[in-house]
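Please look over the sequence and the model shown here before reading on. The report is written for someone meeting this structure for the first time.

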Amino acid sequence: SNSTTGSFWLYDFDDATGTVSNPVNLDSNSGFYGTAFSTNSSKLYASAGNNVYQFDLNASDIAGSKIAVKQGGSSIFALQLAPDGKIYGAVYSNSSFLDVINDPDELGSLSNYVAGGQPLAVGTNVRLGLPPFIQSFFLAKIEADNLCLGNTTHFSIDMWCYGNQTTPKNHSKGRGISKGSFRLDETIFF
């Protein structure tokens, strides 16, 4: 079987209706394997053999925005956005490290791709994959301000949701608490 057959497509997905629409053929016959979106979803990264490509999702011609942020060297397979906002790549050579895209929201070389940028624990290695999980979990956060004794502490939760819109909107709710002992439980449902 030839690993460079097939096409690489991008679609819009309406999470409220389940509708898949607006197909864009990003590339054909390139053997893409791993993909990851940047933290602000403005860039899409895809691995193909020993190359990693970036697509600018804000460009008028997304397919035409394809640029290599890594060329040559070891093959890269799985790509994964992590809680620190970086994208990590599994290096095929049974490596004791991961490649890292340090600034995935930035364009081209400003994304700061570093081969072997993240060492793994002693005695461990990676080959093809990384653990799967839902990357959008990183889009919600709980914050607290004014943590000094005697001050009112303000808690807030920020999360992005799409609903029926084409762009995300921010939902932020806050609660002020003054003197006393309180228990605060915040739960984020996805």
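What follows describes selected strands, loops and side chains, grouped by the parts they share.

## Basis of the report

This is a predicted model, in which local features need pLDDT of at least 70 and side-chain atom pairs count only at pLDDT 80 or more, while totals for chains, interfaces and linings use all residues. Residues are numbered from 1 along each chain as its sequence is written, and side-chain values use heavy atoms, with hydrogens and water left out.

Strand β5 covers residues 51-56; strands here are DSSP runs (E, at least two residues), numbered from the N terminus. Six of the six residues of β5 are buried, so this strand is largely enclosed by the rest of the structure, where buried means under 20% relative accessible area, exposed means over 50% and partly exposed lies in between, with a 1.4 Å probe and protein chains only. Both faces of the strand are covered, with Asn-51, Tyr-53 and Phe-55 buried on one side and Val-52, Gln-54 and Asp-56 buried on the other.

Strand β4 (residues 43-48) runs antiparallel to β5 and is joined to it by six bridges; two strands count as paired if DSSP finds at least two bridges between them. Lys-43 has Asp-56 of β5 as its bridge partner, and in the hairpin that β4 and β5 form, with two residues between the strands, Gly-49 takes a positive phi near 65°. Strand β5 also pairs with β6, again in the antiparallel sense, over three bridges, and here the bridge partner of Tyr-53 is Ala-68 in β6.

Asn-51, which lies in strand β5, is buried with a relative accessible area of 16%. When its neighbours within four places in sequence are left aside, Asn-51 is in contact (heavy atoms within 4.5 Å) with Ala-46, Lys-70, Gln-71 and Gly-72.

Ser-65 is found in the loop between β5 and β6, and this residue is likewise buried, with a relative accessible area of 16%. The side chain of Ser-65 reaches the backbone nitrogen of Asp-56 at 2.8 Å, which falls under the term polar contact, defined as a pair of N or O atoms within 3.5 Å where, within protein, one must be able to donate a hydrogen and the other to accept it, and where residues adjacent in sequence count only if both atoms are side-chain atoms. Leaving aside neighbours within four places in sequence, the contacts of Ser-65 are Gln-54, Phe-55, Asp-56 and Ala-59.

## The salt bridge

The structure holds one salt bridge, a term for a side-chain nitrogen of Lys or Arg within 4 Å of a carboxyl oxygen of Asp or Glu. The side chains that meet in this salt bridge are those of Lys-66 and Asp-27, at 2.3 Å from N to O. Lys-66 lies in the loop between β5 and β6 and Asp-27 in strand β2, so the pair ties together parts that are 39 residues apart in sequence.

## Ser-75 and its surroundings

Ser-75 lies in the loop between β6 (67-70) and β7 (76-81), and is partly exposed, with a relative accessible area of 25%. Not counting residues up to four places away in sequence, Ser-75 touches Gly-49, Asn-50, Ala-90, Val-91 and Tyr-92. Ser-75 and Ala-90 are 15 residues apart in sequence, and their C-alpha atoms are 8.5 Å apart in space.

## Positive phi at two asparagines

Most residues other than glycine have a negative phi. Asn-112, placed in the loop between β9 (97-101) and β10 (113-119), has a positive phi near 65° and counts as partly exposed at 33% relative accessibility.

Note on methods
Helix = DSSP H or I, 4+ residues; strand = E, 2+ residues; numbered from the N terminus.
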